[in-house]
Amino acid sequence: MPAASKLSRLLFGLLAYVSLGIGLIAIVIPGLPTTEFILLAAWAATKSSPRLSAWLENHRLFGPILSNWRNGRIIARRAKISATVSMMLCAGLMLVMLDHGWPVYLAIVGMGMGNLWIWSRPESLRQHP
């Protein structure tokens, strides 16, 4: 295996495990997007670690998310609602606990844009053209 190939596999593996770690942390921390980090981890794992990729595909929580995404870019309504509530909770906490400077507003705008994108995705194959 050439050195460039080993390096890219190592970097993709690092991206996969870091994304998975952030995704796991995001399950319990409001405002962090779990689904996006799991999707990134799965993509990077396909380029670096067949073992991690298979684990993610067969996981009871992450497997359906990945299957839905691969079969029509679907995000289930339950995940959309969970993401929206999580982002609203995080935005509320930021407004109550932090100084109202531009970083807070930028974060809230970012969450709002992410939320709009999430709600623009289909919820089932019937909605997908």
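Student: How are α5 and α6 oriented to each other, roughly parallel or roughly antiparallel?

Tutor: α5 and α6 are roughly antiparallel (angles over 145 degrees count as that). Their axes come within 10 Å and cross at roughly 170 degrees. Axes here are lines fitted to C-alpha atoms, for helices over the stretch in contact, with angles from 0 to 180 degrees between N-to-C directions. Note that this is a predicted model, where local features need pLDDT of at least 70, side-chain atom pairs count only at pLDDT 80 or more, and totals for chains, interfaces and linings use all residues. Residues are numbered from 1 along each chain as its sequence is written, and side-chain values use heavy atoms, leaving out hydrogens and water.

Student: Which residues make the contact of α5 with α6?

Tutor: From α5 they include Lys80, Met87 and Leu95, and from α6 they include Tyr105, Met111 and Trp119. Contact means heavy atoms within 4.5 Å. By class, the contact of α5 with α6 has 14 nonpolar, two polar and one charged residues. Ala, Val, Leu, Ile, Met, Phe, Trp, Tyr, Cys and Pro count as nonpolar, Asp, Glu, Lys and Arg as charged, and the others, Gly among them, as polar.

Student: And α2 with α4, what angle do they pack at?

Tutor: About 80 degrees, with the axes of α2 and α4 10 Å apart. That makes α2 roughly perpendicular to α4 (the range is 65 to 115 degrees). Thr35, Ile38, Leu39, Ala42 and Thr46 of α2 meet Phe62, Ile65, Leu66, Trp69 and Arg70 of α4.

Student: Switching to the largest pocket, how much space lies in it?

Tutor: About 770 Å³. A pocket is an open set of points on a 1 Å grid over the protein atoms alone, where a 1.4 Å probe fits, with protein on both sides within 12 Å along at least five of seven lines. Its volume is the space filled by probe spheres set on the points.

Student: What lines the largest pocket?

Tutor: 31 residues, with Thr34, Thr35, Ile65, Ala79 and Ser82 nearest its centre; a lining residue has an atom within 4 Å of a point. α5 gives the most, with six residues. The lining splits into 20 nonpolar, eight polar and three charged residues.

Student: Last one: is Gly23 buried or exposed?

Tutor: Gly23 is buried, at 0% relative accessible area (buried means under 20%). Gly23 sits in helix α1, residues 3-26. Apart from neighbours within four places in sequence, Gly23 is in contact with Thr34, Phe37 and Ile38.

Methods:
Helices (H or I, at least four residues) and strands (E, at least two) are DSSP runs, numbered from the N terminus. Angles under 35 degrees count as roughly parallel, over 145 as roughly antiparallel, 65 to 115 as roughly perpendicular and the rest as oblique. Buried means under 20% relative accessible area, exposed over 50%, partly exposed in between (1.4 Å probe, protein chains only).
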